[in-house]
Amino acid sequence: MNKEPLILYVEDEKNIRHEMSEILSLDYENIIIAENGQDGLKMYQKHNPDLVITDVQMPYMNGIDMSKAILEINKDAKIIVITAFNEDSYVSKAKEAGIKNYINKPVNINDLFSSINMILSN
Amino acid sequence: MTKQSILIIDDSKLINNSLKTSLENRGFNVTQAFDIAQAKAILLKEEFTYALLDLILPDGNGEDLLPFLQIHEKIRVIVMTSDRDRDRREHLFSYGIVIDYITKERHFHDMELAIVQLIERISTNFSLTILVVDDSNFMRNHLRILLSKRGFQVVDAINGKDALEKIKKFKIDATMVDLEMPVMDGNRLVTAIKRDKANLLMPIMVLSGTTEPEKIARVIKNGANDFLKKPYVTEELLLKIDKMMQELKSQRLLREQEVRFGLYNKAIDEAAIFFKLDKNLKIIYSNQALSSILANGISITKNSNFAEYLDETSIDSLKELNEAINEFKSYQNVFELKSDNLKSVKIRLTFTPLFDTNKSLYEIIVIGFDVSLLHQKEEILQERVEMETKRNWDQNRMLIQQSKMASMGEMIGHIGHQWRQPLNSLSLMFQKLNRAYKKSMLSDELMDQSTQKAIRIIEQMSKTINDFRDFFKIDKEWQNVKLSVVTEQACNIIEPALQDNRIRLTVNEDKDIVIPCLKNELSQVIMNILANAMDAIVLKKVKDGEIIITIGHNKSSAYIIIDDNAGGIPEDTLKKIFEPYFTTKEKENGTGIGLYMSKEIIEGHMNGKLEAYNTLSGASFKIYLPLKKENKEKSL
């Protein structure tokens with residue numbers, strides 16, 4: 001078995017953040033959490049996680065801008081963006097920024113875990 | 001016209017003064033003399049139109065003054081005397097200035113009246129010309145003087161032929177003619193004059209010495225009006241002339257009135273419906289206007305009954321008409337008449353009953369106007385007003401309906417915003433429990449904790465529903481509420497949407513401003529303005545979007561000012577934002593009803609004022625509301 005992966009989860013909304021971190025902890029042990037894009041970027045620089053899962057709409061740097069900044073640091077960084085259905089413009093922005101993986105809200109956690117597995121096994 | 005002047009010569013102070021007052025009141029300039037000496041002195045200095053001469057004076061006979069008066073050629077002397085001696089009277093006329101005698105009466109009033117009537121008669125004689133036809137030079141001169149003094153214009157002729165030429169040349173009103181004359185005698189002249197229809201009214205008086213009754217009869221038969229035998233008494237001649245000319249005057253007046261009456265008749269005939277009824281309401285005359293209305297131009301059958309033409313709806317009016325006529329009154333009403341082209345005709349008719357001196361009805365004159373067109377116009381107008389009212393009402397209903405739909409859309413949008421996150425949380429929670437259970441990791445603690453949390457979230461969600469329901473509830477009555485509470489209500493609902501768009505909302509408020517208002521309606525207005533501000537900030541991609549609400553009050557009003565920093569509203573748009581259906585937004589976003597309804601609510605429902613301005617950074621909406629409800633029945 002590989003070394004346990006480190007996952008950075010970025011979400012500003014308290015309830016969602018809480019639920020998602022509990023869900024992620026069901027399968028993964030090492031999870032670090034940030035409340036906005038700025039903090040997320042700092043934590044990425046500090047901990048160099050194997051995977052970043054981020055919400056899009058957040059104060060102080062949104063998920064897309066944060067992802068762009070991360071990809072500039074590490075062009076092979078693995079990022080999953082969680083977007084709402086009505087945020088089509090963010091999806092295209094995410095694609096432009098070179099983000100290949102995104103999941104729609106409301107999140108189906110089976111889909112989320114298969115995406116995580118797929119990305120991490122690559 | 002200059003004032004006529006009169007010299008009164010009478011020694012009786014009573015008579016003299018009484019006459020003076022009376023004549024002055026009638027507009028004459030009056031001078032008084034009480035004896036011959038005084039009169040002479042006055043006559044040397046002044047001229048007069050008339051002299052009233054008493055014959056018995058203290059210093060001599062009034063007749064002695066006549067030569068003095070004769071100096072003034074134009075003077076007309078009226079002699080006041082109780083002397084009825086015929087020869088003496090005749091003698092005084094020979095001075096050529098005496099125009100008549102007034103008999104002294106016991107009652108001054110009668111005497112004054114006689115004098116004034118005589119003077120008035122003379123003044124109306126100036127427009128009349130009398131032709132004097134006589135072969136005697138003396139007679140012509142005598143009559144000329146006499147008639148001139150009487151006020152008439154005089155033309156003379158020496159025989160019948162000469163007279164006919166004068167009649168052609170001058171406008172002759174009356175003729176005095178001798179019978180025996182060379183060339184053409186009086187009888188032939190009278191016949192010739194009366195042959196011309198233009199002279200039918202001309203009075204002719206024959207003056208002749210003839211005693212042959214058949215001659216007199218013949219000339220009267222041929223058209224002469226009167227006969228006076230020569231030699232005549234001047235007073236009698238004057239009386240006859242006066243009578244003849246008075247008749248002429250009244251005949252002319254009658255003719256004039258007849259002509260005028262004819263013109264009136266014609267004017268009414270042309271302008272209105274005009275007909276006459278006899279006492280049994282049978283039509284005895286009807287003009288073209290009535291015929292053309294009732295029977296398309298076919299004239300009304302004479303003696304047909306007026307009631308035959310009446311529509312059933314006017315039967316009651318007919319009864320009223322009969323009652324009015326029985327009371328000698330005229331009657332006016334709108335009658336509906338049957339017409340042969342099935343369309344009924346409405347006519348406003350005025351019935352004027354005419355009664356003879358015995359108060360028996362002999363004719364009813366009816367004048368009327370067709371008012372069908374007027375009624376029709378009124379009906380059309382009425383219809384148009386009704387249509388317009390209905391259209392306005394429909395439009396208003398549509399506006400309210402659309403406004404409701406728009407509000408509902410907004411509400412759903414806001415509920416979406418409010419519920420998106422709790423729904424996401426719940427969704428995640430169930431999936432979490434499911435996964436934990438499958439992985440045998442579902443601990444009691446996780447289950448309890450999650451259940452508690454789910455209940456909390458769901459409670460929160462149902463509170464949101466209650467808030468919204470309250471918010472959109474129709475205000476049943478005015479309530480005294482804190483403006484801060486009303487504002488908060490609106491803010492709470494829009495806050496999630498503002499947060500999504502990263503717009504900061506600040507509320508600055510005076511503490512505890514309580515006003516009577518329709519709470520939810522005011523809340524909706526505030527939210528509408530907030531939503532507009534938010535949309536503007538999003539549309540213009542304003543960084544650091546900000547909305548500031550300021551609540552305050554002055555002496556009579558409380559105000560809520562909502563400022564944004566979206567750059568403001570273009571001036572030409574600003575004028576139109578309160579019009580219904582005006583919108584700057586894309587089709588799916590704006591209904592254009594929000595601000596119109598907001599203004600309606602603030603100004604129409606709550607007696608306040610809603611205004612929009614531009615500030616340096618954006619738009620500013622000001623809501624003013626009276627601190628006290630003007631209406632006395634203030635509900636708490």
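1. B:Met176 stands opposite B:Met205, a residue of β11(B). Strands here are DSSP runs of E with at least two residues, and helices are runs of H or I with at least four, numbered from the N terminus. Four bridges join β10(B) to β11(B), and the two run parallel; two strands count as paired if DSSP finds at least two bridges between them.

2. This is a predicted model, in which local features need pLDDT of at least 70 and side-chain atom pairs count only at pLDDT 80 or more, while totals for chains, interfaces and linings use all residues. Residues are numbered from 1 along each chain as its sequence is written, and chains are lettered from A and ligands numbered from 1 in the order in which they are written.

3. Strand β8 (residues 129–133) of chain B pairs with strand β10 (residues 174–178) of chain B over four bridges, in the parallel sense. Opposite B:Val133 stands B:Val177 of β10(B).

4. Where does β11(B) stand, covered or open? β11(B) is mostly covered, with four of its five residues buried; buried requires 20 or more other C-beta atoms within 10 Å of the residue's own, with C-beta atoms placed from the backbone.

5. β10(B), α8(B) and β11(B) form a right-handed β-α-β unit. Right-handed describes a path from the first strand over the helix to the second that runs clockwise, with the strands pointing away from the viewer. The crossover from β11(B) through helix α9 (residues 213–221) of chain B to β12(B) is also right-handed.

6. The contact between the chains takes 14 residues from chain A and 15 residues from chain B. On the chain A side, helix α1 (residues 14–27) gives the most, with seven residues.

7. On confidence, chain B has a mean pLDDT of 85, and 94% of its residues reach 70 or more; pLDDT is the predictor's confidence in each residue, from 0 to 100. Residues 632–636 of chain B have pLDDT below 50. Where pLDDT is low, the predicted coordinates should not be read in detail. For the complex, the predictor gives an ipTM of 0.87 and a pTM of 0.46.

Notes. Two residues are in contact if their C-beta atoms, placed from the backbone, lie within 7 Å. A residue is buried if 20 or more other C-beta atoms lie within 10 Å of its own, exposed if 12 or fewer, and partly exposed in between; C-beta atoms are placed from the backbone.
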